[in-house]
Each structure stands twice: as structure tokens, then as C-alpha cells.
Amino acid sequence: MKKMITVTILSLSLLGCKHSNPLTADDPATGQGLHETFAGHFMIGTALSEPQILGADSSARKLVKKEFNAVTPENVMKWELIHPKPESYDFVAADALANYAAENNLFLLGHTLVWHAMTPKWVFEKKDGSAVSREVLLNYMQEHIRTVAGRYQGQVDAWDVVNEALNEDGSLRESPWYTIIGDDYIERAFTLAAQTAPNTALYYNDYNLFEPAKRAGAIKLIKRLQAKGIRVDGIGIQGHYGLDYPDLDEFEQSIIEFAALGIDVVISELDITVLPFPKKENQGADISMKVKLKAELNPYTKGLPAVIERQLGKRYEELFAVLNRHQDKISRVSFWGVCDANTWRNDWPVKGRTDYPLLFDRDMKKKPFASRLAPTM
Ligand code: GLA
């Protein structure tokens, strides 16, 4: 039984995107939807925020129906939101998204079951601040996966079972999952997910997977699961990129090598920032990174110069050329957000900037270059 949802009335400013009338006749978005353009090649997805899922204003949901055929919850299925206290779950927004996906025939990716970030402190620490035991953490993991993946069995089409378990050098990140449980926590998570959601595809998801060392680490991780007979169906290359990274040859190499493992490849969180990245060595998506706002880091507050928009379009076209070459290996390309007004990039790694990383602008209008993205065959 699906739960009744309480509709939360949220102000337009909270919703982010300005959208006087996003689907007017002269809007390029009234043409063919992106997912129709790529039909038969790969799905085109996006991520929805809680206000977009529950808000009284339905314009983002309408745009999604037209342009996309896959959705990911940006946050509402993360541990800290769906399971904030040991005994208490909050399924309101996740249920609403699952219903919306079912009603509109959208592929639904559950994101995410096991991650070191956006997980409440009580999961890893006792009240006195000391770490919980391996046994306690394994029990929490089991209860969480059985409850959440169990609830959405038949509704969620795929789960990001484990998110961001790797360091940049390809070794396992010393997250609380790793330090408390040990290096078998990943196999435990995939085994539990496979038992709980037998008909749901299971993915490993991470950023910077174009980097050779991290790529090798991911391959080792997947091979280790495969050698133990544990089901892993695919890998999510997050895709938080910029105008001058990643190196597209390395990106392509990762797609080729991941597919050679016999698993599906998806681009799970695509966006391309046009803003200067404050710490070159740290590009990626480590959400704990915070840099102070300075004017030189926020150059386009009054609009994006045409020359930069052309660079962004060119970058997207180059990236899609790689994706098109390997469309036989890729089932889905999902953007991380609907429009520029509500992208996380406005606040990471510097809070309060004005970024333009997506295919739809602040008024939810499709950018001209987005209409040029198309499959090659
Ligand atoms: C990572 C996570 C996402 C999200 C982004 C930033 O990529 O996988 O869930 O938190 O960072 O929004």
C-alpha cells in the first residue's frame, strides 16, 4: 500500500527555478524531449530535490515528464533523510517520488544505501562518542537495507548500493564503514541488497572514475565482488565535471574497461561547472569540501557570457560524442538536477555562487546547445 502524502506548500524561492511559464509555445522545450531523441540508445535522467518532489508548484515535475525518462532522488533516500533516528523512518518524500515515477513510467534509481556522508552520527557512534562495534554496525546496515530496499521492491529499478567507497589512489576510503566493519562491508551491503531486492539492478557509484588509479581501484572492487559470486550489475560514473576536465580519453577508457567486466555503465550525476575550481587537485564531488566565497570565484552573477555558453555547449557535445560511441555499453545518462537555479553546484565547493552546469537555464528553458545533442546512429 502506498502511503498518502502530505503536500508541503513551499515558496517559489525555495523551489529555486524561476518558471513563469516554462512550456510556452516559443520555448525550445516544446520540441522533442531529450529522452525521445535518445530513445533506443540510452535513457536520459535527472535528479529531483525534495521541494521538486513534494512542492505545490509542479513545473519541474512537468518538465521532467517531457524531457527525461529516469529519475534519482537528489537527497530524500539518503540515510540522514529517510532514517534520521534509530527507530524512525521518514518515507513521505521517497514514497511520493516512487508514485510519481510509477505514474509516469519513469525509471527510478534509488540513491543510496551505504555512504559515509549524509548518514547520521548515531549510525557510527555511541552516545559517549566512541565507535559502535562491527556487529552493531552490521545490524544497522542490515535493518536499513531490508527496510528501505524492501519497501521499494518493485518500484525502485536500480539501487546505488554503495556510494564513494574509494580514495583517489584507488584504495578503500577509511570511512567509518571501513574502519568499524572492515573491508568486507561492501560485499555485505551488496549481498543484503541482492537478497532484499532480487529484481532490482545493483550499482557501485563514485566520482573521478576517469582517473586511472581510481578506475583501477573500482575494477579491483568489482572483480572482488564477482569472484565471490556477489551480484553487481553496474557502475555509476558520477560525472561532476568542468570545462577543462576530465580528460575525455581517460573518461572513454573507463567506460571501455568497466564494460569489459560484463556490467552496465551509467553516467549517474552529470553536470559541467563553468566556474573556476578553487583547488585543482581536489576536483570531484567530495561534499565535505568548503571554500570561502570570493568575487573572483563567482564571475558570472549577471548572466553567462555567450563565449562561455559556447564553450559549455562544445564540452557537452564532445562528452556526448564519447557516450554515443559507446552507447552499446551505457544504459543511462542522468543529470544531477533539473535546471541551473537549483543545482548543488551553486553551493559546492563554494557556497552562494551562480553556476550554469545543466541543460536547462534558470527559467527552465532548454539551452540552444541542448537541442543539438543527439545520437550519432
Ligand atoms: C555526490 C553524491 C550525491 C550528491 C552529490 C552532490 O555526488 O553521490 O548524492 O550528494 O555528491 O549533490
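This passage walks through a predicted model of a single chain, from its overall build down to a handful of individual residues.

A few ground rules come with the model. Residues are numbered from 1 along each chain as its sequence is written, and side-chain values use heavy atoms, with hydrogens and water left out. Since this is a predicted model, local features need pLDDT of at least 70 and side-chain atom pairs count only at pLDDT 80 or more, while totals for chains, interfaces and linings use all residues.

Along the principal axes, the C-alpha atoms fill a box of roughly 60 × 45 × 45 Å.

Burial comes next. Of the 377 residues, 56% are buried, where buried means under 20% relative accessible area, exposed over 50%, and partly exposed in between (1.4 Å probe, protein chains only). The accessible surface comes to about 15700 Å², and carbon and sulfur atoms own 52% of it; the areas are from the Shrake-Rupley method with a 1.4 Å probe, and for residues only the protein chains shown count as cover. As for contacts (heavy atoms within 4.5 Å), take those between residues at least 6 apart in sequence: 80% of them join residues at least 24 apart.

Charges can be summed up in one number: the mean positions of the 44 positive and 49 negative charges are 2 Å apart. Here Lys and Arg count as positive and Asp and Glu as negative, with His and the chain ends not counted. Each charge is placed at NZ of Lys, CZ of Arg, CG of Asp or CD of Glu.

Confidence is given as pLDDT, the predictor's confidence in each residue, from 0 to 100. The chain averages 92, and 91% of the residues score at least 70.

Some backbone geometry deserves a look. The peptide bond from His111 to Thr112 is cis, with omega near 0°, and Thr112 is part of strand β3 (residues 107-114). Tyr245 and Pro246 are also joined by a cis peptide bond, this one with omega of about 5°; Pro246 sits in the loop between β7 (240-242) and α11 (248-259). Then there are positive phi values in residues other than glycine. Glu164 has a phi of about 60° and lies in the loop between β4 and α8 (176-181), buried at a relative accessible area of 4%. Met364, in the segment after β9 (330-335), has phi near 65° and is buried as well, at 1%.

His111 turns up again in the surroundings of Glu74. Glu74 lies in the loop between β2 (70-73) and α5 (79-82) and, at 10% relative accessibility, counts as buried. Leaving aside neighbours within four places in sequence, Glu74 is in contact with Ala47, Leu48, Ser49, His111, Trp336 and Trp344. Glu74 and Ala47 are 27 residues apart in sequence, yet their C-alpha atoms are 5.1 Å apart.

Leu172 belongs to the loop between β4 and α8. Not counting residues up to four places away in sequence, Leu172 touches Ala165, Leu166, Asn167, Tyr178, Asp183, Ile186 and Leu221. Leu221 is 49 residues from Leu172 along the chain, with the C-alpha atoms separated by 8.8 Å.

Finally, Ile235 is in strand β6 (residues 234-237) and is buried at 0% relative accessibility. Beyond four places in sequence, contacts of Ile235 include Tyr203, Tyr204, Leu209, Phe258 and Val265. Pro120, 115 residues from Ile235 along the chain, has its C-alpha atom 25 Å from that of Ile235.

Methods. Helices (H or I, at least four residues) and strands (E, at least two) are DSSP runs, numbered from the N terminus.
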